[in-house]
Structures are given as C-alpha cells and as structure tokens.
Amino acid sequence: MTTANEHHEKPLTGWRVLVPRGGPWGDGVAASLRDQGAIPVVAPLINFAATTDAPALDDALRRLQDGEFDWLTVTSATTVDVLYAQRTVVPAKTRIAAVGETTAAALQAAGYTVDLVPAEDNSSAGMAADLIALETEPKKFLTLRSEQAKPVLTEALLAAGHDVHQVVAYRTVGVPVTERIARDVANGRINAILVTSGSVAAQVREQFAVIPDETIIAAIGPRTAKDARSLGLNVDIIADQQTVDALIAAVSKFPLPHAADEFAR
C-alpha cells in the first residue's frame with residue numbers, strides 16, 4: 001500500500017506532461033512519467049510515413065543484404081522499424097553504428113548487432129567523428145535517414161574520403177492535436193512539453209499558438225534545443241544525455257510551475 005509520504009516523494013507528483021509521440025514509444029515514456037508521479041498526456045504531434053522513393057530504398061536494402069557495405073548507420077529508432085518491416089538481414093561482415101543508446105536498444109530488440117555508439121556526442125556529427133577516427137582507410141557506408149533530416153553524417157563521411165550511399169528511409173508528417181489538448185496547453189494546464197526532435201519542435205511551434213511562460217519546454221539534447229530555439233521556442237531544459245530517461249530526470253529537478261495551482265483546485 002502506498003503511503004501519503006511515499007506519494008509525495010515522487011519528484012513529478014502533480015505534473016501534467018505532454019508526450020509528443022504515441023505507439024510503443026509513447027507508452028514507454030508515459031509509464032516512466034507515471035513512475036515519477038506525473039500525469040502523462042500522450043498527444044502525438046508527428047507520425048512516420050513511407051519514403052516517396054521506395055525503389056531507391058528497396059535497392060539500397062538489397063545491396064545491404066548482398067554485403068556491399070562495410071557500415072550501416074542508423075540515426076533513429078524509426079529507421080529500425082523500417083529495417084524490421086522490410087525483414088532486412090544485415091550480413092555479419094557489415095558493421096552497424098547507432099546514434100545513441102535508444103537507437104541501439106531498438107536495433108538489439110529487433111535482432112541486430114550494434115558495433116558502435118558515439119562515446120560522448122549522441123548526434124549525427126558525433127557519430128561521424130567517431131567513425132572517422134575509427135576508420136582511417138576509405139570504407140563503404142549506407143546511411144539511412146528521414147526526409148527532413150539534414151545530411152550531416154553523409155557530408156562528414158564524404159569529406160573524410162569515404163564512399164557513402166545515402167537513402168531516405170521514411171518521412172515525418174505532422175499530426176493535428178485535439179482542440180482539448182490545444183486548449184490545455186494554452187491555458188497552462190500542461191506543465192511541461194517534451195521536445196524530442198526538430199520535427200516535434202516544429203509541430204509544437206505550429207500547433208500551439210499560445211504557450212504560457214510557466215510551461216516548461218524540455219529538449220532531449222543540444223541539437224534539438226538549437227532547432228527549437230531557431231523556431232522561436234523558449235527552451236527551459238536540455239537533457240545532459242540524449243535519452244528519454246535523462247530528459248525526465250532533468251524535468252524532475254524543476255519545481256512544479258505555479259500555473260498548475262489554480263487547476264488543481
């Protein structure tokens with residue numbers, strides 16, 4: 001039985017936190033927030049759609065399975081979904097680089113072996129730096145990315161003299177929120193909004209015309225924070241690691257915004 005003292009020991013008790021993606025990812029984040037005492041508000045702002053150039057993707061995955069590439073780079077868990085949906089088999093000779101621990105975990109859950117995760121900077125630039133330091137001779141890379149992502153990794157690898165085949169694996173599309181969610185954000189009933197990518201930041205800016213000053217905007221890493229600020233969002237929190245656990249931990253260090261008080265009555 002949970003006592004009143006135990007209840008109040010949870011750092012996010014009383015918080016209402018907007019989770020910007022649904023599906024298994026959103027369910028997992030919601031569960032983590034509940035463990036900290038928060039009320040998660042799952043409101044998907046983005047979804048993922050098939051690439052507009054399916055033949056190019058099919059060809060690249062065929063070449064991958066045929067063992068043509070030395071490395072496969074994976075910069076999001078959504079790319080893992082694409083690989084799994086296509087039943088892609090990665091040959092043992094082809095090494096796999098994941099942009100961060102979340103992506104690495106998704107790869108491993110899908111049955112793939114991860115050979116490299118950036119030691120410090122969990123971003124495309126950080127992964128490129130680690131790969132370039134590791135591979136001093138030209139290698140053949142397959143880089144899979146979203147349509148909206150900037151080709152940071154591809155350009156860095158090319159500049160270092162590697163042979164890179166870049167393919168768009170999926171598109172990110174906006175999902176309109178309900179009027180109730182928009183109203184709850186506008187009136188301060190949502191205490192924090194988790195911003196987990198530049199695409200999410202764009203939808204936050206587009207869909208929420210009014211975000212009260214008291215509402216905490218929490219970005220999952222420096223690159224996402226930069227994207228959010230370039231769109232005009234006031235970022236209050238930047239996670240020190242590019243993981244959801246680190247993001248939730250960063251939010252939990254803040255006091256509950258005062259705007260929540262009037263809605264608690």
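Predicted model: local features only at pLDDT ≥ 70, side-chain atom pairs only at ≥ 80, totals over all residues.
Residues are numbered from 1 along each chain as its sequence is written, and side-chain values use heavy atoms, without hydrogens and water. Local features need pLDDT of at least 70 and side-chain atom pairs pLDDT 80 or more, whereas totals for chains, interfaces and linings use all residues.

The largest pocket has a volume of about 1300 Å³. Its lining holds 48 residues, and Thr-75, Ala-149, Thr-196, Ser-197 and Gly-198 are the closest to its centre. Elements giving two or more residues to this lining include strand S3 (46-50), helix H4 (77-85), helix H5 (101-109) and helix H9 (198-207). By class, the lining has 16 nonpolar, 25 polar and seven charged residues. A pocket is an open set of points on a 1 Å grid over the protein atoms alone, where a 1.4 Å probe fits, with protein on both sides within 12 Å along at least five of seven lines; lining residues have an atom within 4 Å of a point. Volume is the space filled by probe spheres set on the points, which are joined across faces, edges and corners. Helices (H or I, at least four residues) and strands (E, at least two) are DSSP runs, numbered from the N terminus. Ala, Val, Leu, Ile, Met, Phe, Trp, Tyr, Cys and Pro count as nonpolar, Asp, Glu, Lys and Arg as charged, and the others, Gly among them, as polar.

The second largest pocket has a volume of about 590 Å³. Arg-21, Pro-24, Trp-25, Ala-77 and Asp-81 lie nearest its centre, among 25 lining residues. Helix H2 (23-35) gives the largest share of this lining, six residues. S3, H4, H5 and helix H11 (244-252) each supply at least two. The lining divides into 14 nonpolar, eight polar and three charged residues.

H2 also packs with H11, at an angle of about 35° and with axes 11 Å apart. Axes are lines fitted to C-alpha atoms over the stretch in contact, and angles run from 0 to 180 degrees between N-to-C directions. In H2, Trp-25, Val-29, Ser-32 and Leu-33 meet Val-244, Asp-245 and Ile-248 of H11 (contact: heavy atoms within 4.5 Å). This contact has five nonpolar, one polar and one charged residues.

Helix H6 (residues 124-134) packs with H7 at about 25°, their axes 8 Å apart. The two are therefore roughly parallel (angles under 35 degrees). Residues meeting across this packing include Met-127 and Leu-131 in H6 and Leu-153 and Leu-157 in H7. The contact has nine nonpolar, one polar and no charged residues.

How values were computed
Parallel < 35°, antiparallel > 145°, perpendicular 65-115°, else oblique.
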